[in-house]
Amino acid sequence: MLRDVLFEDIKEEHISSLVEDAVAEDLYIEFKSETYGKNDEAKRELLSDISAFSNTQGGDLLLGVADQAGQASALPGINVADVDAEILRLESIIKDGLEPRVAGIRSRALRLTSGKLVIIMRIPASMIAPHRAVISKGGKFYRRNSAGKYEMDIQELRVAFAGEERLVNRLTAIHEEAVAAAKGRNMPFSIGALPAAVLSLTPLDYFRQMRDVELDEFNSQQPYLKRPASTSWMTTLEGTLIHGLLNESGDPIVEGYAHTHRSGRIEAAWRLGGPRRISLETEAQLVFAKQFEEGLCDQAMTAANRLIQVGISGPWFVAITILNIRGYNLQRDNFQGTAAYRDEATLPYSRLECITVETLTPVFNAFWRLFGHRRPK
């Protein structure tokens with residue numbers, strides 16, 4: 001099935017086999033012999049197709065593949081003077097015509113040996129469905145079944161809207177488990193009593209697919225440690241756990257760890273600061289913004305990349321909790337803020353199509369506000 005092929009690996013042979021095998025349109029695939037036109041009716045058709053895929057299980061939309069009675073029958077390809085401009089036009093219609101916007105749609109052009117093109121659009125199953133197709137006034141919601149797309153009825157809409165709330169609750173519960181693990185629950189150690197960050201990164205389609213990824217110490221997430229240090233790893237019931245060295249006495253504590261789950265998600269924790277002597281007579285309780293921001297960029301970006309390498313893509317649900325910060329001051333370079341009054345705080349959740357410094361900046365801003373200050377630009 002085409003949906004089992006990584007998007008960037010789709011080749012002409014994959015498309016040709018659809019025609020040779022007379023593959024039928026179904027829940028996951030739709031054929032169009034031409035690209036969409038520029039009038040309102042053509043735009044409505046495009047938006048309803050995207051709405052239907054995103055409101056169901058996602059799928060692939062192929063422009064340049066002809067069908068007969070719903071079965072792939074020929075590969076005429078399409079002719080466009082500027083294929084990049086055409087893809088941009090289609091993406092612009094989708095961006096402006098769906099409410100809410102659908103994150104994670106990928107588009108690319110495939111050049112055929114005939115010289116013609118096939119435009120491939122891979123639409124993810126949305127975790128914030130339902131999405132409404134809007135042209136001029138009003139709009140409609142669509143879904144797909146084995147026969148193609150159809151307009152959703154009232155009961156289906158009620159179920160869809162209720163599902164969004166349930167999803168957020170389930171993703172939140174995953175993060176709460178990660179926070180409990182950082183404190184030592186069902187773990188061979190804890191992150192300790194000093195300030196620390198706990199991250200959970202989960203693909204939004206986590207509950208739609210059952211995964212069992214083969215893991216080892218080489219393809220699993222490495223922890224963020226403030227200085228180069230040796231690490232150890234172990235196989236767990238859930239996946240692979242890699243951590244910094246354990247303290248030599250007392251309860252088992254580490255400065256950082258990363259837990260990669262075979263089910264396709266990653267959680268991590270790392271130290272943010274502690275008591276620091278600033279003079280012979282004075283000791284300050286300090287949290288370092290640099291350790292938070294560098295640690296979050298390192299862990300979130302590399303975690304997403306590791307999951308992508310095993311065929312798991314975003315959008316991502318990103319959750320961060322800051323532990324053990326009551327009485328600590330934030331210091332970054334020469335700036336020192338005010339003491340935090342919370343024991344711990346969960347920062348606003350993020351849904352990110354891609355993870356970059358720019359998309360993580362709102363999380364940085366929230367972290368600074370914990371200590372009563374705006375983050376310097």
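This is a predicted model: local features need pLDDT of at least 70, side-chain atom pairs count only at pLDDT 80 or more; totals for chains, interfaces and linings use all residues.
**Whole chain**

Start with everything displayed. The protein chain has 377 residues, of which 49% count as buried. Its C-alpha trace spans about 80 × 45 × 45 Å along the principal axes. Colour by secondary structure to bring up 6 helices and 22 strands. Among contacts with a separation of 6 or more, 68% are between residues 24 or more positions apart.

**The four-stranded sheet**

Return to the cartoon and select the strands of the open sheet with the order S1-S2-S7-S6, whose pairing is mixed. At its edges are strand S1 (29–32) and strand S6 (106–111), each of which pairs on one side only. Neighbouring strands here are turned against each other by 15° on average, direction ignored.

Next, select residues 59–63 and 117–123. These are strands S2 and S7, which run antiparallel and are joined by 5 bridges. Within this pair, glycine 59 stands opposite isoleucine 123 of S7.

**Helices on the sheet**

Select glutamate 99 and proline 100. The peptide bond joining them is cis, with omega about -15°. Proline 100 sits in the loop between strand S5 (98–99) and S6.

Move to alanine 69, in the loop between strand S3 (66–68) and strand S4 (71–74). Phi of alanine 69 is near 55°, a positive value in a residue other than glycine. Is this alanine 69 buried or exposed? Alanine 69 counts as exposed, because its relative accessibility is 80% and the cut-off for exposed is over 50%.

Finish at asparagine 324, in the loop between strand S18 (316–323) and strand S19 (329–332). Asparagine 324 is not a glycine either, yet has a positive phi of about 60°. With a relative accessible area of 27%, asparagine 324 is partly exposed.

Key
Residues are numbered from 1 along each chain as its sequence is written. Side-chain values use heavy atoms; hydrogens and water are left out. Two strands pair if DSSP finds at least two bridges between them. Helices (H or I, at least four residues) and strands (E, at least two) are DSSP runs, numbered from the N terminus. Axes are lines fitted to C-alpha atoms, for helices over the stretch in contact, and angles run from 0 to 180 degrees between N-to-C directions. Buried means under 20% relative accessible area, exposed over 50%, partly exposed in between (1.4 Å probe, protein chains only). Contact means heavy atoms within 4.5 Å.
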